[in-house]
Every structure is written in C-alpha cells, then in structure tokens.
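This report covers the ligand site and the salt bridges of one structure. The sequence and model come first.

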Amino acid sequence: MERVYNFSAGPAVLPEEVLKEAAAEMLNYNGTGMSVMEMSHRSKAYEAIIQTAEQDLRDLLQVPDNYKILFLQGGASQQFAMIPMNLMKNKVADYIITGQWAKKAYAEAKIYGTANAVASSADQTFSYIPDCSDLPISENADYVYICENNTIYGTKFKQLPNTKGKTLVADVSSCFLSEPADITKYGIMYGGVQKNIGPAGVVIVIIREDLITEDTLPGTPTMLKYKIHADNASLYNTPPAYGIYICGKVFQWLKRMGGLEAMKAKNEEKAKLLYDFLDESRLFTGTVRKEDRSLMNVPFITGNEELDAKFVKEAKAAGLENLKGHRTVGGMRASIYNAMPKAGVEKLVEFMSDFEKKNH
Ligand SMILES: *Cc1c(COP(=O)(O)O)cnc(C)c1O
C-alpha cells in the first residue's frame with residue numbers, strides 16, 4: 001500500500017526522508033553493529049546522538065547559552081504538574097485559557113497553589129485569542145502560562161501576552177519549530193514532540209537557568225525536578241533514547257530545509273492554500289477568527305454533521321487520512337505540520353473542491 005497523506009493532529013506525519021534513514025540504520029547504526037534501540041544510553045555512540053540533537057535544536061531556535069534544553073518523558077501533560085512544582089515559589093500563577101490543553105494545565109496547577117484564569121476565550125468555544133495586552137496579572141505571580149498554539153481549536157497567539165515582567169511559560173507542542181521564536185521572551189518553552197517533531201515519548205523543555213533551582217514544592221519527586229535533569233544533561237535515568245534519535249534526525253532535516261525562516265515560509269504557503277479555499281467556499285467554513293488562525297491546525301465545518309461524516313469517510317478513501325475534528329468539537333481538522341508536503345494540502349483542497357461541487 002502507498003503512504004497516505006496523514007492530517008492527524010498527533011502523533012502525526014514525519015518527514016519521509018527521516019523515516020527512510022531510520023529504516024536504513026535500523027539493524028546497524030553507524031557501524032556499531034546494533035540498533036539505536038539496543039545501545040546503552042551511556043555509550044559513546046549514543047552520547048554523540050543526544051549531544052548533536054541538542055546542538056542542532058540550539059542552532060535552529062538560536063537558544064541562548066543561559067537556557068538549558070532538556071529531553072524528558074511523561075508527555076506535555078506531565079509538564080502541567082512539573083511546572084508548578086518547580087516554579088511556584090509564591091504559590092501563585094496566572095493562566096490564559098484558550099482551549100482544552102490550557103484548561104488542563106490550569107486545573108493541574110490548582111493542586112499546588114493558587115492558579116488564576118486571567119483571560120479566557122471559552123465564551124466563543126475558544127475560536128479566538130483574547131486580547132492579552134493589559135491583563136490583571138497577579139502582583140506575586142510566579143509565572144504566566146499560555147498554550148501558544150491550540151491544537152484542537154486551531155488558534156495561535158500571534159503576539160505573546162504582556163506578562164508585566166512575569167516569567168512566561170508556553171506549551172508549544174503543536175507549533176514547535178514551525179517558525180522562528182525569540183527564546184529570550186520565555187522562561188520555559190516546552191512541548192511534546194509527537195505533533196511537529198518526532199515520535200511520542202519525548203517532551204522537550206527549554207528553560208532559563210535561573211528557573212532551575214533546588215527550591216521545589218515539598219514532596220516533588222526527584223524525577224520531576226528540572227535540576228536533576230539539567231545537572232545530568234537529560235541522562236539522569238534512561239531517556240527515551242530512540243525517540244530522541246528520531247528528533248535529532250528531524251532537526252537535521254529542518255537544517256537541510258533551510259531552517260525555521262524557510263519552514264515558516266513553507267507553512268504560510270500551505271496554510272494560505274487551505275484558508276483561501278475556505279474563505280471562498282460555499283460549503284466549508286473555517287471556525288476560527290481570521291487574525292488568530294493557526295498555521296498548523298485548521299478546523300472547518302460544513303454545518304451539517306452527516307455531511308461532515310461523509311466528507312471524512314470519502315477523504316479517507318481518497319488517501320487523505322485523519323481529517324475528523326477532535327471528539328470534543330466535531331467537524332473536520334486538517335493538521336498541516338512541517339512534514340506535510342505542499343502536495344498533500346493541494347490534494348486536500350482539490351478533494352474539497354470536488355466534494356463541494358457534488359454536495360452543495
Ligand atoms: C497534544 C497536546 C498536549 C498533550 O500532550 P501529551 O504528550 O499527550 O501529554 C498538550 N498540549 C498541547 C498543545 C497538545 O497539542
């Protein structure tokens with residue numbers, strides 16, 4: 001069977017080149033006579049893999065020297081707890097609620113201290129990003145938290161919130177490395193890699209060094225302390241070794257593609273194809289306020305649930321997979337991450353256009 005165009009929100013499409021390289025190295029990595037899955041994480045060969053991966057990520061995002069890059073486990077969801085456990089010195093944090101993932105992070109933080117929802121777009125099913133230029137940021141907030149790209153609803157912060165000098169913490173799971181970012185504006189930028197970078201099982205945390213302290217909340221497990229992982233260069237215990245190796249390959253692929261400026265241009269081009277079609281369509285409608293549209297996740301509807309289901313089914317038969325919207329919102333969603341080729345989006349738009357002619 002041929003490979004399909006996979007529009008899944010995550011785990012999601014990976015660059016075909018990377019998969020082929022991994023396949024070629026599966027039985028014998030670089031003359032070691034074994035697979036990366038089989039080697040000690042303390043071996044010279046693996047040390048080179050993780051160190052190169054870190055350096056390539058540092059290069060891609062121009063991560064300054066006073067930030068650590070950690071390769072951890074537990075998914076993005078574990079960070080929902082790890083962040084307050086490590087950062088809540090005053091036990092106060094402000095959350096901007098722009099969707100399910102921000103809501104979950106907010107609920108988790110409440111276990112550890114006072115979490116304030118300082119803004120929300122729940123009033124219009126999270127279809128926009130609230131104005132964050134002058135929020136009632138708490139005087140003693142340890143940090144301000146956002147989910148920068150809302151995977152389920154398809155919104156993205158085009159401008160970071162005014163945190164009034166407080167530390168910004170951002171979940172970038174679904175927009176990681178989709179465009180350049182100014183790391184100095186963040187205290188922590190983190191994301192699960194299974195959306196835009198690699199296989200599930202790795203979460204990357206980019207953290208400013210002054211936020212890495214011994215002073216965590218009482219009872220914080222060793223494994224949930226940033227310091228233990230930072231002091232041990234992500235090798236305190238066995239890391240998700242194979243996943244990190246694939247991430248490293250994706251970083252090298254991104255460098256070959258021209259880096260994050262080039263990816264941004266490609267991503268804008270792909271998203272424009274789809275959004276322009278949606279804006280003209282007499283059948284399909286985008287669900288997000290225009291100025292807040294994500295380049296990565298594009299939700300849309302026909303306004304008729306039966307027709308939506310028919311669309312998803314027929315698209316699948318045409319080799320366009322995983323277009324069903326999130327179970328909490330319905331409709332459709334096309335996730336068009338870095339590794340989705342332009343040809344995939346073109347094929348989707350062509351299919352939508354045909355479907356519209358037949359069903360409108
Ligand atoms: C998928 C996703 C998560 C949850 O990731 P897990 O690795 O499954 O815990 C959190 N935040 C965002 C923005 C996501 O897209």
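## Basis

Buried means under 20% relative accessible area, exposed over 50%, and partly exposed in between (1.4 Å probe, protein chains only). The model is predicted: local features need pLDDT of at least 70, side-chain atom pairs count only at pLDDT 80 or more, and totals for chains, interfaces and linings use all residues. Residues are numbered from 1 along each chain as its sequence is written, and side-chain values use heavy atoms, with hydrogens and water left out.

## Ligand site

The residues around the ligand (a heavy atom within 4 Å) include Phe 80, Trp 101, Asn 149, Thr 151, Asp 171, Gln 194 and Lys 195.

The protein buries 86% of the 390 Å² that the ligand exposes when taken alone (Shrake-Rupley method, 1.4 Å probe).

## Salt bridges

With a salt bridge taken as a side-chain nitrogen of Lys or Arg within 4 Å of a carboxyl oxygen of Asp or Glu, the count is 27. In one of them, Glu 16 pairs with Arg 3, the closest N and O atoms being 3.4 Å apart. Glu 16 is partly exposed at 41% relative accessibility, while Arg 3 is exposed at 51%.

Asp 56 forms a salt bridge with Lys 255 at 2.7 Å between the closest N and O atoms. Asp 56 is buried at 8%, whereas Lys 255 is partly exposed at 34%. A network of salt bridges links Glu 17, Glu 21, Glu 25, Lys 249 and Arg 256.
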